[in-house]
Amino acid sequence: MANIQESSRGGFSNKLGFVLAAAGSAVGLGNIWKFPFEVSDGGGGAFVVMYLAFCFMLCFPVMMAEIALGRKTNKNAVGAFAENGHKKWAPIGILAVLSGSLILSFYNVVAGWALGYAWEMFSGNFSVGQHFGEFVGNWHINMATSTAFMFVTIFIVAKGVSGGIEKASKILMPSLLFLILALMTYSLTQEGAMEGVKFYLIPDFSEITFETAYGAMGQAFFSLSLGMGALITYGSYVGKKDNMVSATSMILLADVGIAFIAGLMMFSFIFSQGLQGQGGGAGLIFTVLPGAFESIGPVLGRIIGGFFFVLLSFAALTSTVSLLEVPVSYVVDEFEVRRNRAVWIVGFVIFLFGIPSMLGNGTVDFFTNFVHYHGAEKAVNFMDFIEDLASDTFLPLGGFLVAVYTAYVWRGDKFKEEVEKGNPEFGNSLMGKYTIFALKFLAPLILGSITIVTILSKFF
Ligand code: PHE
């Protein structure tokens, strides 16, 4: 998938190729690492309900808009907005490039943790779960693993071994799904698991606040790779006759489905190990899962645990590739830099910007206690700050702008026309009517108001 820019503009050989690539971008650390700790911080079931509502009611229309925009314009994220005399809208694309770059900077660090954990599990070091703080505080190891990870990402995007990664993901992604399903089944048999399931599935609506809604919205956008142009770029490779509605539905269901199963597994394990209520944050899966693997048995636990983190790293790789693709295609198109050079330069700069995220876990105090939000008890570290800024704020803002742009600048009827190339019935269907209504009114209203209220209360 990576080297799409160099392949002929014919793009994906068929719709399945596009769906797999977009699902590869969507499924990643967001589903397995981020979703559980966001649910835990956001109060459990109520967060899950909001997350699902945002995915289906708001993200679906925005995803359709991004893919349609990409297919219509055949451009990178910035070019797509500037197309047809809309030059002054190009800054939306710049925001997208910035969000993608910021996200990749910390995503790569977490992917490095996953890689490190694969090694720890294969070596049978289950106790690393209780020493997560030391693990992430050891910057030598993190530097090594995240350098390795960025290197592989750069290599794939630069050399275009896209055929290889596509083939590999056809085997590895279903393997990850299978493994999570098996682990979920096992987790549900553990003592105390049902308490976890209740926390996860039974909403306590008093937990719904602007703050948790903002978290759920950011999570929905992050997990679906929306609001930063990845799907615009990928959308430019979808065949004109392809049915976009079914493609979008498949991507959405795959992504939400995997997050949902991973959450069920995680909360069963958390409660059966008595680890609930400890906050966990970005360390949640890394503190909980080693104990779960240990309980499987000394040998089998090592193997399963090791493979789990290998597969998770692979899922992260298909996401980092799509994250790097966005700034790279922008630099190649706008600054006329050779692709190979652009990949290395952009990848290196983003890697450097990830270093404070790496050092903010106890190594350097300045990055560890980076900002103190209004009314918060504790300071947050650099990584959490970038995550709040890029994924919870910029992505919904990007989604808001995509909706406004599609509905009012590009215009709803042109959007409809584009979708109808593969779905003649779209405009008359309930789904089509809803999608256009959502882009015109619902998405701008909800995304705009939640983002504004939260920014004001959090950062000022
Ligand atoms: N969706 C990816 C994940 O859940 C992360 C991502 C965000 C990838 C934005 C591309 C763009 O892990």
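Author: The protein chain in this predicted model has 18 helices and zero strands. Its radius of gyration is 21 Å, close to the 23 Å that the globule rule gives for 460 residues, so the chain is as compact as a globular protein of that length. The C-alpha trace spans about 60 × 50 × 40 Å along its principal axes. Of the 460 residues, 54% are buried.

Now to the helix pair. Two packed helices are described by the angle between their axes and the distance between the axes. Helix α3 covers residues 45-73 and helix α17 covers residues 382-420. The angle between them is about 65°, and their axes are 9 Å apart. The crossing of α3 past α17 is left-handed. On the α3 side, the contact is made by Val-62, Met-64, Ala-65, Glu-66, Ala-68, Leu-69, Arg-71 and Lys-72. On the α17 side, Gly-399, Val-402, Ala-403, Thr-406, Phe-415, Glu-418 and Val-419 take part. Sorted by class, this contact has nine nonpolar, two polar and four charged residues.

Helix α1 (residues 15-26) has twelve residues, which at 1.5 Å a residue should span 16 Å; its end C-alpha atoms are 16 Å apart, in agreement. Nine of those twelve residues are buried, so α1 is largely enclosed by the rest of the structure. The buried ones are Phe-18, Val-19, Leu-20, Ala-21, Ala-22, Ala-23, Gly-24, Ser-25 and Ala-26.

Helix α7 (residues 139-159) has 21 residues and should span 30 Å by the 1.5 Å rule; its end C-alpha atoms lie 29 Å apart, which agrees. Buried residues in α7 include Asn-142, Thr-145, Ser-146, Phe-149 and Met-150. Thr-153, Ile-154, Ile-156, Val-157 and Ala-158 of α7 are also buried.

Finally, a loop residue. Gln-276 sits in the loop between α12 (244-272) and α13 (284-296). Gln-276 has 17 other C-beta atoms within 10 Å and is therefore partly exposed. Leaving aside neighbours within four places in sequence, Gln-276 is in contact with Ile-270 and Phe-271. Gln-276 and Ser-40 are 236 residues apart in sequence, yet their C-alpha atoms are 8.5 Å apart in space.

Technical notes:
Residues numbered from 1 in each chain as written. Predicted model: local features only at pLDDT ≥ 70, side-chain atom pairs only at ≥ 80, totals over all residues. Axes fitted to C-alpha atoms, helices over the stretch in contact; angles between N-to-C directions. Helix = DSSP H or I, 4+ residues; strand = E, 2+ residues; numbered from the N terminus. Left-handed = near helix turned anticlockwise from the far one by under 90°. Contact = placed C-beta atoms within 7 Å. Nonpolar A, V, L, I, M, F, W, Y, C, P; charged D, E, K, R; others polar. Expected span 1.5 Å × (residues − 1). Buried ≥ 20, exposed ≤ 12 C-beta atoms within 10 Å, placed from the backbone. Rg over C-alpha atoms; globule rule 2.2 N^0.38 Å.
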